[in-house]
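Please keep the structure open beside the text.

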Amino acid sequence: MTPVTTDEGRGQPPPGWTRPSWDAYFMDIARAVATRATCLRRRVGAILVRDKRILATGYNGAPSGIVHCREVGCLRERLGVPTGERHEMCRGSHAEQNVLAQAARYGIAVEGAALYCTNEPCVICTKLLINAGISEIVFEHEYPDELARELRRGASVRTRNPHVT
C-alpha cells in the first residue's frame with residue numbers, strides 16, 4: 001500500500017485530496033466486507049459501528065465450517081425460489097445475521113450501534129436488529145420489503161440511504 005504523503009512535506013494535503021465523510025468511510029468498509037461473501041446471487045457486507053468505531057463485520061454466506069454455495073451450487077436457484085421469498089431455503093446466512101453473530105461470539109455489546117450495510121435489511125434481519133437494540137441502519141441498495149420498513153418505523157429505528165436526497 002502506498003503511503004499518503006503531504007505536499008512536499010509542508011503539511012499540506014496533495015491537490016484534489018478529500019477526506020471521506022463518516023458515512024462514506026463506513027460504507028466503503030461494508031463494500032470491502034461484501035467481497036468475502038460466498039453467495040452466488042448477491043454479495044452483501046455489513047458492519048456495526050458505535051461512537052465511530054467498528055464493533056463487528058459480517059457478510060452473507062454459509063455458516064463457518066459448512067461447504068459454500070460456490071462449491072455445491074445455489075439451492076435457491078436449483079429450486080427456482082424467487083428473490084425475497086422463502087429465506088429458510090438457503091445454505092447461507094445474511095450479512096446482518098452474521099454481523100450480530102460475530103458480535104455475540106466475541107462478547108461485544110451492540111445496543112445503540114448503527115448498522116452500515118450494502119443492502120437494505122429484509123424483515124427477518126430487521127427483527128433481529130430491532131431486538132439487538134440497533135438504533136440506526138444506513139444502507140446503499142434498496143430491498144423491496146415493506147414489512148421490514150414498517151417494523152423499523154414502528155420501532156423508531158432510523159433508516160437512511162446516504163445516496164438518496
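**Strand pairing and overall layout**

Within the sheet, Asn119 stands opposite His141, the latter belonging to strand 4. The chain reaches strand 4 from strand 3 by way of helix 5 (residues 123-132), and this β-α-β crossover is right-handed. The model is a predicted one, and it contains six helices and five strands, which follow one another from the N terminus as α-β-β-α-α-α-β-α-β-α-β. Of the 165 residues of the protein, 38% count as buried, and along the principal axes the C-alpha atoms fill a box of roughly 60 × 40 × 35 Å.

- The five strands form an open sheet in the order 2-1-3-4-5, and their pairing is mixed.
- Strand 2 and strand 5 (158-160) stand at the edges with a single partner strand each, so one side of each of them has no neighbour in the sheet.
- On average, and with direction ignored, neighbouring strands of this sheet are turned by 15° against each other.
- Strand 1 (residues 45-50) pairs with strand 3 (residues 114-119) in the antiparallel sense over four bridges, and Leu48 has Leu115 in strand 3 as its bridge partner.
- Strand 3 and strand 4 are paired in the parallel sense over five bridges, whereas strand 4 and strand 5 are paired in the parallel sense over three bridges.
- Strand 4 (residues 136-141) is mostly covered, since five of its six residues are buried.
- A right-handed β-α-β unit is made by strand 4, helix 6 (residues 146-154) and strand 5.

**Salt bridges**

- The structure holds ten salt bridges, and one of them joins Glu120 to Arg149, with the closest N and O atoms 2.8 Å apart.
- Because Glu120 lies in the loop between strand 3 and helix 5 while Arg149 lies in helix 6, this pair ties together parts that are 29 residues apart in sequence.
- Both Glu120 and Arg149 are buried; for Arg149 the relative accessibility is 19%, which places this residue under the 20% cut-off for burial.
- Arg149 also meets Glu146 in a salt bridge, at 2.6 Å from N to O, and these two residues, being three residues apart in helix 6, are separated by about one helical turn.
- Salt bridges with shared partners join Asp23, Glu136, Arg158 and Arg160 into one network.
- Within that group, the side chains of Glu136 and Arg160 form a salt bridge at 2.5 Å, N to O.
- Glu136 lies in strand 4 and Arg160 in strand 5, so the contact ties together parts that are 24 residues apart in sequence, and both residues are buried.

- Ile66 is found in the loop that runs between strand 2 (53-59) and helix 2 (69-72).
- With a relative accessibility of 40%, Ile66 counts as partly exposed, because that class covers values between the 20% limit for buried and the 50% limit for exposed.

Conventions:
Residues numbered from 1 in each chain as written. Predicted model: local features only at pLDDT ≥ 70, side-chain atom pairs only at ≥ 80, totals over all residues. Heavy atoms only, no water. Buried < 20%, exposed > 50% of the residue type's maximum accessible area, 1.4 Å probe, protein only. Pairing = 2+ DSSP bridges. Axes fitted to C-alpha atoms, helices over the stretch in contact; angles between N-to-C directions. Right-handed = clockwise from strand over helix to strand, strands pointing away. Salt bridge = Lys/Arg side-chain N within 4 Å of Asp/Glu carboxyl O.
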